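Dear colleague,

I am handing over the structure we spoke about, and below it I have set out what I found when going through it. Please read the notes with the coordinates open beside you.

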Amino acid sequence: MSRISQQFEALQARGRKALVAYIVNGDPCPEASLPTMHKMVEAGADIIELGVPFSDPMAEGPVIQLGHERALESGTSLTGTLDLVADFRKTDTTTPVILMGYANPVERMGYSRFAERAAQVGVDGLLTVDLPPEELGELKTELAERNIDNIFLLAPTTAPERARHLASNASGFLYYVSLKGVTGAGHLDVDAVKTKLDEFGALTSLPMCVGFGIKDADTATKVARLADGVVIGSVLVDAMGKHAGQSPDEIADAVGAIISDIRRGLDSL
Amino acid sequence: MSEKEQKTTVNYSEFPDAKGHFGQFGGRFVSETLIYALDELQEIYSSLKDDAEFQAEFDRDLAHYVGRPSPLYHAERMSRELGGAQIYFKREDLNHTGAHKVNNTIGQALLAKKTGKTRVIAETGAGQHGVATATVAARLGLKCQVYMGAEDVRRQALNVYRMKLLGAEVIPVTSGSKTLKDAMNEAMRDWATNVDDTFYIIGTVAGPHPYPQLVRDFQAVIGREARAQCLERTGRLPDALVACVGGGSNAIGLFHPFLDDTSVAMYGVEAGGDGVATGRHAAPLNDGVPGVLHGNRTYLMEDENGQIIETHSVSAGLDYPGVGPEHAWLKDLGRVNYVAINDNEALDAFRSTTKVEGIMPALESSHALAYAAKLAPTMAKDQIIIVNLSGRGDKDILTVADIDGITV
């Protein structure tokens, strides 16, 4: 069983909702990422989603686009991201880490080389925004052989038949995109989320997390009621940008404070 | 199958396959939100592409609104001066709005009308596709927003104003390199957000399936006409076709109807910028590697980490780090030769074509003309080259004046 599945089992046993927290590796500077990851866990994140910077992050809103730009300016790459996970694993062997990014850096590295190195350093899952199951090719077996979960997005526009198809190709959990749009958008409709989650929930036994458009403890709590967990990203990346130029510890503390607040909200359920 | 066998047995009209692949290229690399919209588009297009009524409506618009067929013009003086093959221009510059782009926007606007969507969006580089989109939107009463890199907004001020006059809103894109690729990112983001009421009119044979196929089909009118016109005028097929390649829609439009004519050589001309050897260019087929961007797998300009790099070309319409997937496939099959022409050579062709033939070509098309000028002297006087004169150069006058140090 993957570290991600173990984490969901443990959370369910404790009646706790999963908090998946996203930052972009190397944003705003390479030194900030490792202390921030540890601080995220300390503040209550259950799973870390590590953004792999890409020059053309098509599914991201303006806040996370800036995070990618800052990370690229600081010289961060996919190789550097894998190295970061290796460093993180020196002291944390339990918190699942997912890499989230775009197909091209993985293609460039080569599917086999990527999967091998990812397994070596302790990556637990991969979410490639622009790699739907139809285009996975050999990456699917490369990941499966190494017990790395393949996380797929489900969208408000996803038809039930396709949702079944996605679920049958996924492992770990499914990530429901709460709105039509890009990350960090501001028009999340909780009732609409409920309708879709009820529909999708009947199709799969995988845990379901909801992301895109969750800004604070209040929305996180409302959405978490409907799902197994929530994903927060833009609000953290925004904080990292605002604290750019400060020390890594100050940046980590800023992110930690937001996560603690949302954790309290989730734990009140 | 050996490479040689493959070359002789490829049935070009059967591609892309059902999933949008041209060999290893093409496909549908998009986030989940857009899958539904692409399925919907594919369904509508499949049901209409062989529909006689739809084709008749498309042909009517091309005849009476665009002004087709465009002439096939024998550039006699240029041919004589070069002293080799006879050069013919396929005059896409004479289309309404001044370039080949309108063939595609007419077709996609008809599709948009069938979907009942009330808003269209587009990305644009030189502004030609933006103008062509704004034009059809005005005619159909559709709301229109055009994404354009901030750098291109500056370079192509005339087209920006044309779009505004046509009632479109031009949204400058300031992310990344502020050019066409960034405009396409932003248009994709808009589409994902407004997918219910918005039709995305992509301007080239790139993007996720079915765009490379449907844009090609709409642009193939160029090659069908050219083939018939050449046969009628000269009694034979041309020996060579030459077209510029940015995303590659004018080139695929000219080439596609000739792919089975094995005697016809084809040259796709990429933007060599400062020269391919300098790395400052926009020639992924000459100097790129296969990768994934904007919904398809194709040749790309990228660094060793898979990050897309900035491209350089005097021509905004060719300043793009990728290329349509069918071109990537035709390159690997060896059916089309992809070459590069640098900025200075293109500018020389812009000036000489204007002076020798009285036709001012777009800087994009000037790349094709520059290559034809190299090719013609190597061929016999009774041989024929067709150059796709894909657009007129009025939009580039300020750019050229600027290079000459003249304030107009």
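Is B:Arg68 buried or exposed? In this model, which is a predicted one, B:Arg68 has a relative accessibility of 7% and therefore counts as buried, the cut-off for that class being under 20%. Its salt-bridge partner is B:Glu92, with the closest N and O atoms 2.7 Å apart, and the pair links distant parts of the chain, since B:Arg68 lies in the loop between helix 3 (52-66) and strand 3 (72-74) of chain B while B:Glu92 lies in the loop between strand 4 (86-91) and helix 5 (101-115) of chain B, 24 residues apart. B:Glu92 also counts as buried, at 0% relative accessibility. The peptide bond that leads from B:Arg68 to B:Pro69 is cis, with omega near 0°, and B:Pro69 is likewise placed in the loop between helix 3 and strand 3 of chain B.

B:Arg77 and B:Glu81, whose closest N and O atoms are 3.3 Å apart, both belong to helix 4 (residues 76-82) of chain B and sit four residues apart, about one turn of the helix; B:Arg77 is partly exposed at 38% relative accessibility, and B:Glu81 is exposed at 53%. The side chains of B:Lys49 and B:Asp50 meet at 3.7 Å, N to O, with B:Lys49 partly exposed at 27% and B:Asp50 exposed at 66%. In chain A, a network of salt bridges links A:Arg16, A:Asp46, A:Arg263 and A:Asp267.

Leaving aside residues up to four places away in sequence, A:Ile259 touches several residues, among them A:Leu19, A:Met40, A:Ile232 and A:Leu236.

Chain A also holds an open sheet of nine strands in the order 5-4-3-2-1-9-8-7-6, with parallel pairing; its edge strands are strand 5 (149-150) and strand 6 (152-154) of chain A, each of which pairs on one side only. Strand 1 (residues 18-24) and strand 9 (residues 229-232) of chain A pair in the parallel sense over four bridges, and A:Leu19 has A:Val230 as its bridge partner in strand 9 of chain A. Helix 9 (residues 190-201) of chain A packs on the sheet, where it touches strand 6, strand 7 (174-177) and strand 8 (208-211) of chain A, and its direction makes about 155° with that of strand 8 of chain A.

The peptide bond from A:Asp27 to A:Pro28 is cis, with omega near -5°, and A:Pro28 lies in the loop between strand 1 and helix 2 (30-43) of chain A. A:Phe212, a residue other than glycine, has a positive phi near 75° and is buried, with a relative accessible area of 7%. B:His294 has a positive phi near 50°, is found in the loop between strand 11 (289-293) and strand 12 (295-300) of chain B, and is buried, with a relative accessible area of 1%.

Key
Residues numbered from 1 in each chain as written. Chains lettered and ligands numbered in written order. Predicted model: local features only at pLDDT ≥ 70, side-chain atom pairs only at ≥ 80, totals over all residues. Heavy atoms only, no water. Contact = heavy atoms within 4.5 Å. Pairing = 2+ DSSP bridges. Helix = DSSP H or I, 4+ residues; strand = E, 2+ residues; numbered from the N terminus. Axes fitted to C-alpha atoms, helices over the stretch in contact; angles between N-to-C directions. Salt bridge = Lys/Arg side-chain N within 4 Å of Asp/Glu carboxyl O. Buried < 20%, exposed > 50% of the residue type's maximum accessible area, 1.4 Å probe, protein only.
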